[in-house]
Amino acid sequence: MENIFNALSQKIISFLDDENKCSNMEKLQMCFALQTIIYNVSITLLILFISYLIDSLYETTLLLSIFGIFRIIAGGFHFDSIAKCICATSIIILGGGKLSHNILLNASLCMLICFIAIGIFILYTPKGTKNNPYSKNYSKQQKKRLIVIAFLFTLIAIIVPGIRTIIVFAMITSAILVLPNLIHRLRVLE
């Protein structure tokens, strides 16, 4: 799969730089950026298409957005290959979207789960990934952002019952993925 993204990126770069004016470093940067864009757009469209087929497009789209916000800020566990990442992301987003389509949490359980997630966020400062580690200062900034956003989403979840399960699922899944013990154990399995 990675070869497909790489080959497509190389063809786009050849088309954009048909006179070979870019340096090798610039081509590598363009290649990385294009691979990231192609990967993210492809996976998002695939997940949304499948969610449409299983009748949970609204819930899945909302979950994908909220989960994405938390993952960008919190960081946490990431797989070492695109194929593993696609499988895990698809299962989390499609499963969570379908689950939230069928289950409505009450406000008390919502608050409990959200505060557990916030507690995990407070205890485990975001650290980024192995390939993109956060500096100590940036981790502190991300932690503040994460706490504020988590409290805002908790408030929204309490007030708006229709999206409560989506928010709770996004928060607790993101919180679980920043747990150091889980990250270490999953790395051993790779």
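**Helices, burial and a nonpolar core**

Reader: What makes up the secondary structure of the protein?

Author: The secondary structure comes to 8 helices and 0 strands. Helices here are DSSP runs of H or I with at least four residues, strands are runs of E with at least two, and both are numbered from the N terminus. This is a predicted model, in which local features need pLDDT of at least 70, side-chain atom pairs count only at pLDDT 80 or more, and totals for chains, interfaces and linings use all residues. Residues are numbered from 1 along each chain as its sequence is written, and side-chain values use heavy atoms, with hydrogens and water left out.

Reader: Why is alanine 175 called buried?

Author: Buried means under 20% relative accessible area, exposed means over 50%, and partly exposed lies in between (1.4 Å probe, protein chains only). Alanine 175 has a relative accessible area of 0%, therefore it counts as buried. Alanine 175 sits in helix α7. Of the 190 residues of the protein, 35% are buried; in α2 these are Cys31, Leu34, Ile38, Tyr39, Ile43, Ile47 and Ser51.

Reader: What does alanine 175 touch?

Author: Contact means heavy atoms within 4.5 Å. Leaving out residues up to four places away in sequence, alanine 175 touches Ala117, Ile120 and Phe121. Isoleucine 66, counted in the same way, touches Phe153, Ile166, Ile167 and Ala170.

Reader: What makes a set of residues a nonpolar core?

Author: Its members are buried Ala, Val, Leu, Ile, Met, Phe, Trp, Tyr and Cys residues, joined through side-chain atoms within 4.5 Å. The largest such core here has 39 residues, and those with the most contacts inside it are Leu63, Ile66, Phe67, Phe70, Phe121, Ile167 and Met171. Two or more residues each come from α2 (24-53), α3 (57-74), α4 (82-102), α5 (107-123), α6 (136-159) and α7 (164-176). The largest share, 8 residues, is from α7. In soluble globular proteins, nonpolar side chains tend to be buried together.
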